[in-house]
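Trainee: I'm new to this one. Could you walk me through how to read a few of its features?

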Amino acid sequence: MIELEAAVLKVKERLSPQTRIESIPLAESVGRITAEAITAPAPVPAFPRAAMDGYAVAAESTAGASVLQPVVLKVIGTLFAGDNPATLQPKLGEAVRVMTGAALPLSVDSVVPQEWTDYGESQVKIVREILQGKHYVAIGEDLQEKETIIEASQYLTSESLGVLASVGAAFVHVKKKLRVGIISTGSELTEVEKPLKTAQVYNSSAYVLASYIQRSGGEVVFQTICDDEPQQFAEQLRLAHNQVDLIITTGGVSVGQKDFLPAAITENGGEILFHFVAFKPGTPVMAAVWEEIPLLCLSGNPFAALVDFHLFYWPLLAHFYQTATFELKKEQQLLRSEEIKGSGLRRFISGYSENGHVTIEKNRAKVSRFQQILHSNCLVEQLPQQPLQDGNLVTVYRWFQG
């Protein structure tokens, strides 16, 4: 069996990084990956502005001001945010009443907080000397013209959109989405909107996988069920041609009589990259290439399929977009758990990571217990033949949370 890291590398070698780009409206760009570095087309702010309510002055005008000897300045007008300050240019000994965010006249260099004054209207008493530049937001203080705001291959967050909006970026060049097709194999599977017949189960895995793909900026081009019929699978492959960048399958990869995927892929001109990886659950995971499209073939057991997905999909996604955003985050954390006996194979156990500790549920060892994903946000690594005990320092794999 191949080791996990070598297996991931084999799939990366056959999944080309995304080079196709598109321009999309800023409002639709959250969760997307930038195709190029984005720079500020102009300084932000583009004009000097008041950082608080008060009086705009030349600092020199307040020299020597104190409570006992206030400086009295003539107030020549008032400016609110959005007002044009061009007509108000106070000289030494004069001030302009300003509100937070107001554009400032070119002849001032500071703003006296209104709390340091008597709130005068035609003239104002100032009881403290102000330093030059105080409460004064200079041109370009936030961003300089041509300053890089966001690098290429960066994940756009809600906060990113706010910064881009501040420089008037109405459209953003982003990398096109990873297009994924999901084929769930198994004659026992049915869709959730249909009543279950004898010996049928709902296709639960596909909904989990599709949601992870979509919330990390991917596009699920199709999501379908394939009976245990090689010819049906071959037809679904042909329909996927030129539509997807990656195909993910579940089931059909173990050693049972109905595990037909390896043969079906090779008989239709595909190439198996590996089959069976040295970890559990999900050992039968397989990867192949058909018509230059990588196939990631996961275990049929819903929980094992999810372990396979996390260990392979996130490194592949990071490679596809050339960004570290989606890489699995490996951390050392303190374990909170009952004793877990050693295993012959490297094992990944679902856990819940919080504040530097990771907790494993009491019934975590039951791979058939799909409900455990509701209380999991990471995988805990257990090395071969090594038991785990409460208080151990363990390696935790955390995936992208979106």
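This is a predicted model: local features need pLDDT of at least 70, side-chain atom pairs count only at pLDDT 80 or more; totals for chains, interfaces and linings use all residues.

Trainee: Which polar atom lies 2.6 Å from the side chain of T283?

Mentor: The backbone oxygen of F279 lies 2.6 Å from a polar atom of that T283 side chain. You'll find T283 in the loop between β17 and β18.

Trainee: Is T283 buried or exposed?

Mentor: Buried means under 20% relative accessible area. T283 has 15%, so it counts as buried. Setting aside neighbours within four places in sequence, T283 touches M1, F276, V277 and L345.

Trainee: Now the sheet. How do strands of a sheet pair?

Mentor: They pair through backbone hydrogen bonds, either parallel or antiparallel. Here, six strands make an open sheet in the order β15-β12-β16-β19-β18-β17, and the pairing is mixed.

Trainee: Why is one side of β15 and of β17 left without a neighbour in the sheet?

Mentor: Because β15 (219-226) and β17 (271-275) stand at the edges, each has a single partner strand. On average, neighbouring strands in this sheet are turned by 20° against each other, ignoring direction.

Trainee: How many bridges join β12 to β15?

Mentor: Seven, and the two strands run parallel. As one example, I183 has T224 in β15 as its bridge partner.

Trainee: Which helices pack on the sheet?

Mentor: Helix α4 (residues 230-240) does, touching β12, β15, β16, β18 and β19, with its direction at about 165° to that of β15. Helix α6 (residues 302-321) packs there too, touching β16, β17 and β19. The direction of α6 makes about 150° with that of β19.

Terms used:
Residues are numbered from 1 along each chain as its sequence is written. Side-chain values use heavy atoms; hydrogens and water are left out. Two strands pair if DSSP finds at least two bridges between them. Helices (H or I, at least four residues) and strands (E, at least two) are DSSP runs, numbered from the N terminus. Axes are lines fitted to C-alpha atoms, for helices over the stretch in contact, and angles run from 0 to 180 degrees between N-to-C directions. Contact means heavy atoms within 4.5 Å. Buried means under 20% relative accessible area, exposed over 50%, partly exposed in between (1.4 Å probe, protein chains only). A polar contact is a pair of N or O atoms within 3.5 Å; within protein, one must be able to donate a hydrogen and the other to accept it, and residues adjacent in sequence count only if both atoms are side-chain atoms.
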